[in-house]
Structures are given as structure tokens and as C-alpha cells.
Amino acid sequence: MLSRVADSLYWLGRYVERAENNARILDVNLQLMLDFQDGSDMTEQRQWEPIIASLEDQKLFNSLSKQFTAETVCEFVTFERENPNSIYSCLARARENARTVREYISSEMWEQINRLYLFMNSDAARQECANSSIDFYRRFVDSSHQFLGITNATLTHGEGWHFLQVGKYLERADCTSRILDLKYHILLPSGEQVGGNVDTVQWMAVLKSCSALEAYRKISVGQVIPWKVAEFLILHDSFPRSIRFCIDGLDASLHRISGCDRAHFSNEAERLSGRLCSDLDYVTIDEIFKYGLHEYLDRIQLRLIEIAGAMHKTYCEWMEPEPALQTQAQ
Amino acid sequence: MNQSNAFFSNYEVGEFYDEMFEAPGVIRSHYRKLFERFSEMGLDEFERKRALVDNTLLNQGVTFTVYSDNKGTERIFPFDLIPRIIPAKEWDHVERGLTQRIIALNLFLHDIYHEQRIVKEKIVPEEVVRSAVHFRPEFMGFNVPKDIYIHICGTDLIRDRDGNYLVLEDNGRCPSGVSYVLENRQVMKRVFPKLFARHSVRPIDDYAQELLNLLRYVAPDGNPDPTVVLLTPGIYNSAYYEHSFLARSMGIEIVVGQDLVVKNDCVYMKTTKGLKKVDVIYRRIDDDFLDPLVFRKDSMLGVPGIVNAYRKGNVNLANAIGTGVADDKVMYYFVPQMIKFYLGEEPILPNVPTYLTMFDDDRKYVLDHIPELVIKSANESGGYGMLIGPHATHEQHEKFRDAILKNPRNYVAQPVVQLSRAPAFCDGTIEGRHIDLRPYILYGEKITIIPGGLTRVALRKGSLVVNSSQGGGSKETWVVDEN
């Protein structure tokens, strides 16, 4: 497979996942707002500012808007063209990547991503978002799931599919860690006691952002307990949005790409993903809290970046023209 | 014949050759079934189907970007749903003519890059060859695999007032548009299945397979299992959709310049498993941009060293380098003579009458008749560098007069041909619009011509310009066996 194609598939997987996660976060926050409306600007700001913080887009946001309101944040995260991480921008880039590998992916995949992009670029999308934003984000998440389903059902599960998986899982693990980190930060500034109605609802919202509330209920009856939520979202071995599950999928796909068995590694990316996999297999939630949840999640995000870098070096380094040839070409 | 058909009742045949009507109300026999089907349907149903088709094409991304607004609006290449029908007998004539022409053009290219007999025998003036912009003297004496230069050709045909097919242009470099032909057929089958059941339309689906066979056939050293790729300028090229469509249909890799690298005079593509040798390149990049080491130094699209690899015989390119010398508009004038010279035959498809301003008599005539003529510069395409005398101002006439006097080699002139018309759907009614035809010819182990080809239609009323940039659209083209 061409290195450029592998790279585009990887980014296609990432951007679709990133767009979907943005839609999830907004959806859940909009619903939360319905429960905690007291009409004050402070409440609204407290509710929406962290979203921008977790996406690490504060600077750009501040340059474009003054206030953190549902409207400004949703606009920024959904349609803002200048925001490279807005749903619109992610989709535009996903589509551009899909276009460059148009001959590789299935027509069904292309049409799904193209339709979704054309919709996001239309006045109808703004209309729908204005009329019923919750439905709008739901619909968006559904469309993204359709894309994943179509991909699984129509694309050969070969090398290219695995590059898509790598992109998807890397992005998803990253997003889950950010969602968790975000709420942890607000609610437990120093790991102190928790409880009370507000906290429970907020932690339920965290689970909902990851479509995890129902799954969580199945393994943990009763009160939603913060440390259990964290354990579930980081360490559950078979919930498809838990970090451990994502890293396992990532590691499996990396090994399938090279053909190396999973007990060994044949390149740096596999070594790093394998190590992270083992860490998550054997770490306990107590150890994580002792280490500091925020610090731990931060470390995971860094390790994900390292894996992405190593993978690029292994498979796509070719893409940069060789220095000697470059000077000749000039 | 029933003439009170809402669909065609207001149709005006006009002073042109009409593809569907012999005379007002008189339908040509090969169009009869189509006429009946459309009569049953009515304009409402037609309009519904049209909306469906437009939406399908948009979702499939069969679009070009409108650069004039910055919202990234994309438009489809307008597709007119009333097919253009060519009866088998007529097509056989066209096919024989095109076959004869491509053979002669290939013999000419071999000759011009070797002995130049045609120049020595004074059929083509030496000056014309020497001054042709796309002539590549550095390839003199170079032997291309299987001696084929133009592998893929898209010859533009038009019909005059009497319905004669004339050759307007030979596109022997990188002709585009075939994907529209193939996509349009798919769409038509979906929207008008019954129509196909009633006609025996010659199938076109094997184009991609034939193209792949041809590309494999011309591999260097007769390699039986060559790696074939399609080289594209990239996703921002207006024909990118077509490039990816063809690569997908053939199951080959589509590459951009940066995917390829030349080592030891061999071309490799950069894959996740290392470098992989490439044997045949279907390149959709003009000669000029192919190799910054040899041609344009500023080309970011090409592959440094690729020309040397080609020259060493380690990779083959389709079409060959230097075929542009044969689709120079001045050289076009000599194609009928080439056919006589190389094949000893009379041309089956004539040229449009052409004047060369480099000849004294022709120049005198042209300068005296500028307002009546179409004047074209020799090496431009896509409707650029062209003057349509009757539609132009006095000022423009004078500008071309000066240009011709300054550089007589660079211009040709032709009388205005009133292209044939066919019914097209325009703003809620059916009206006659001018059309042309671009059949696609593949020259490999054998010569294959896609039955029909791309019919382009000038959707603006009265317009003779069929280019998509100037309000042109396309039509399905059917070659129908009459029974």
C-alpha cells in the first residue's frame, strides 16, 4: 500500500472520530444545561468554558468570541471554519482525505462521508442545529456510526482497514481521556470527598458522553461513584470506548499491519503500543489515583502522541522527499 | 406519427442538422422508441427523474468546484437526460474512420521521431515540425514499446449541416471525459431501465478492462505481470474525479508525483512495505510537468528522473512523450495527407476545411474574411486563444489580424460549422442545442473504440461552445443496433 494512502486512511479514521466526539460532548452538555439552568451567566460560563479547555482551543476561541455561552461554544465547536477542530473542519478534512484515497475505499464509504460533508456545508444543517440542537448532534453521531458500520461491512479488512482502525482508536482513546480529565478537574480539585446530587448527575454526563451509562449500569448497580466511573472508562477490557479497549485494538491493528505476532514487536510503534497495553492490563485504579488521575491521563495522551509519531516514521517516512533530490528539484 | 406530444410539441428543428427530427414532426427511425417512451412520461415525471439524477451525482462527488465563491460550492457537470442515438450503420462508418486515423497518426509519430520520410518527401513542411511546440527533438531515434505512441485518443467529431461527420481535433495527449461516459450510463440505467429494455444499446462497461489490458500490453520488455499505476496531478485538478474513477475501475494505484521516486533509472512507488517497482504509468500530466529535471523546472507535480528511466526503457508512459506534435492544430491540416501517404487510402472522416495562415494564398483569404471565420492559435486548447469571427467585435478581429501577421505559423482558420443539434431539456422545455462527439480510442494489442463516447452539449441557447467552463453539459450516447 502506498505510504500516502496509509497516511490518509489513518487521518480519515481520526477526523471522523474527532468530529463525532465533539458532537457527543456538545450533546451531553446541552442536556446537562437543561438540568442546571438558573439563568445566570456564571453558571452558563462554568458549564461551557471547560469544553473549550478540554479541546485545547482557548486561544482561538478567545480571539473569536467574548463569552462562553451555549451558543458561542456550539458555534465554535460545530461550524467555525477557522477552528481546525470544529466538526465542520474535521469533516472537511476527513472528506479531503477520503477523496485522495477514493479509489481505495468503497463507494459506499465515500458517499456517506460526502453526503455528511455536503449536509454540514448546507444551510439546512444550520437550520436543524438552530431548531433542535440535541437532535442535530444525535443525528451527527448516528451518521458517524453509519460510516463506521459501512466501513466494516464494505471495506476489505486488510492493511488499509487497519490503518483506519489505528486512527480511530488513537483518537478515541485520546478523547475519552480528555472527557474524563475535564470532569475530574472540575469536580475533584484535590481528590476530596464527593457526593450529592450535582456530582452524580455530572458523572452520569461523563458516562453519557462516551455512550457508557447503560454499560456502566450493567456492571455497577447503585450510585454512580466517581472512581468507578474512572475505572470503567480507563480500564474496562471490553467496553468499546474505554482507553484500555482502544489501546488493545490499536495494538492489534498495528501488529496486523506488520504481520508480527502480538507477543513481540517489529517496530517502535508496536513496542510502544504493546507496552501501553500491558500497563493498562496490569495497573489498578488505586495506583492511578495514587499517581494522580490527571497526571496519569496526561501521560497517556503523551504516549499516544509517541505511538502516532513512531508509526508515521515506520510507514510514512518515505513521503518526505529525500534531501538530495529536493535540492536537485529546485 | 402522433405530433401532439407535450414533450416535443413545441420543438423547433431550425436550420441545422437535427439528430432526432428529419423535418418538423418527422422523427428519424432510430429515435422512434425513445420518442414514444418520452411521450408516455410527460415533463413532470421527467423533471422528477432529473432532480434525482442531479442529487445522485452530487452525492457521488461527480463535481467540479466553483472557484468564484469561497464557500466551497460544488457543482455537477450538467447531464442532459435525453440520449443521443447513433444508428449502428452510421457508427460503423465513424469507427472505420477513427481506426484509420489513429493508425496514420501513430505511423506519423514513429516517422517524425525517426526517418522523417514525410518531411523528406515534402508532404509536411520541415518548418512545421521544427516549430511545433510539442515536438521533442531529444526523443529522435527513441523506440517506444510496441511502437505505439498514442495509446489513448479522444478525437472530437462534429456534424455539418448535411449530417456528415467531420474531425475537429485529435486529442492525442491526455484526453479526459471518459468517466462521464461511464457514469452517465450507470445513472441512465438506474433512472430509465425500461428504455434500455426497448433498445439494443451497445455496452460500454468493458472500457476500464480494455484500458488495463492495453496498459499491461505495453509494459517494457513484454513483462507479463507489470505494475501499472495512474499518475495524477492531485485532488485539486479538475479531472481528479476521473483519475480516481479510472484507477478504481482498473484496480490500480493512483499516485501523485511525491509517491514515486527514481533510483538507478528505475521508477518506484513508496509503500508501507518499502519501495515497489513501477512498470507502466498511465500519466494524466502533460509532458511539461512530468520531470523537473528535463522539462519545466518549477513543476511540483512530476517525478525527478522519470524521463531518464523512460529513455532507458525501464518504465513505459501512456501516452508517449512527444505525441503533442500530432495534435498541433497546424499538423491537423496534414492528417488527410498522412493517411494517403502512410496507408495509401482516402480519409474516411474528412477534416473541417482549414486554412493555414503560413501559406500565402490561405493567409490572404483569411485576412480578407476574418469576420466569417473561426481562428485558432496552434497550440492552445479548451477554447482558449480562439476567435469566432461572427460573434466577435471589430477590435477583436483586428487583434487577431495583427497576431496572424506577426506569427503566421501559429494560426489556422476554419469556416464556422453549424454543429448538429439534438433536443435537450432547458428551463422546463425541450429545445434544440448544438452538440459534438468525443469517442475514445484505445490502441493496444488491437484498436478498441468505446461505442459512442462523450456527447457534449452547448446548453446556452445559440452557443456553439460545448466546453464545461462555458455552460456545456453532457449527454448519454447510444450506439443502437436497429432491427
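Which side chain does B:Arg283 meet in a salt bridge? I looked this up first. The partner is B:Asp287, with N to O at 2.7 Å. I checked the cover of the pair as well, and both B:Arg283 and B:Asp287 are buried. I note here that the model is predicted.

**Entry: other salt bridges**

I asked how many salt bridges there are over all chains. The count comes to 50.

I then picked B:Arg456, whose side chain forms a salt bridge with that of B:Asp156 at 3.6 Å, N to O. I looked up where the two sit. B:Arg456 belongs to strand β23 (residues 455-458) of chain B and B:Asp156 to strand β6 (residues 152-159) of chain B, so this pair ties together parts that are 300 residues apart in sequence. I found B:Arg456 buried, and B:Asp156 is buried too.

Next I took B:Asp225, which pairs with B:Arg216 in a salt bridge; their closest N and O atoms are 3.7 Å apart. Are these two buried or exposed? B:Asp225 is exposed, at 57% relative accessible area. B:Arg216 is partly exposed, with a relative accessibility of 33%.

In chain A I noted a network of salt bridges. It links A:Glu17, A:Glu20, A:Arg24, A:Arg172 and A:Arg241.

**Entry: chain A as a whole**

I looked up the make-up of chain A and found 17 helices and zero strands. Its radius of gyration is 20 Å, close to the 20 Å that the globule rule gives for 330 residues, so chain A is as compact as a globular protein of that length. Its C-alpha trace spans about 65 × 50 × 40 Å along the principal axes.

I recorded that 55% of the 330 residues of chain A count as buried. For contacts in chain A between residues at least 6 apart in sequence, I have 64% joining residues at least 24 apart. The chain exposes about 14700 Å², and carbon and sulfur atoms supply 51% of that area.

I also looked at charge. Chain A carries 34 positive and 47 negative side chains, and the centres of the two sets are 2 Å apart.

**Entry: two asparagines of chain B**

Where is B:Asn407? I found this residue in the loop between α13 (394-406) and β18 (411-415) of chain B. B:Asn407 is partly exposed, with 36% relative accessible area. I looked at B:Thr357 too, which is 50 residues away from B:Asn407 along the chain; their C-alpha atoms are separated by 8.9 Å.

B:Asn316 lies in strand β14 (residues 316-318) of chain B. I have B:Asn316 as buried, at 1% relative accessible area. Leaving aside residues up to four places away in sequence, I listed what B:Asn316 touches: B:Pro145, B:His151, B:Val218, B:Pro220, B:Asp279, B:Val280, B:Ile281 and B:Tyr310.

**Entry: helix α8 of chain B**

How many residues of helix α8 (residues 240-250) of chain B are buried? I found nine of its 11 residues buried, and the helix is mostly covered. Among the buried residues of α8(B) I noted B:Tyr240, B:Tyr241, B:His243, B:Phe245, B:Leu246 and B:Met250. B:Glu242 is also one of the buried residues. I looked at what follows α8(B) and found B:Gly251, whose phi is positive, near 70°.

Notes. Residues numbered from 1 in each chain as written. Chains lettered and ligands numbered in written order. Predicted model: local features only at pLDDT ≥ 70, side-chain atom pairs only at ≥ 80, totals over all residues. Heavy atoms only, no water. Salt bridge = Lys/Arg side-chain N within 4 Å of Asp/Glu carboxyl O. Helix = DSSP H or I, 4+ residues; strand = E, 2+ residues; numbered from the N terminus. Buried < 20%, exposed > 50% of the residue type's maximum accessible area, 1.4 Å probe, protein only. Rg over C-alpha atoms; globule rule 2.2 N^0.38 Å. Contact = heavy atoms within 4.5 Å. Areas by Shrake-Rupley, 256 points an atom, 1.4 Å probe, with all protein chains shown as cover. Lys, Arg positive; Asp, Glu negative; His and termini not counted. Charge placed at Lys NZ, Arg CZ, Asp CG, Glu CD.
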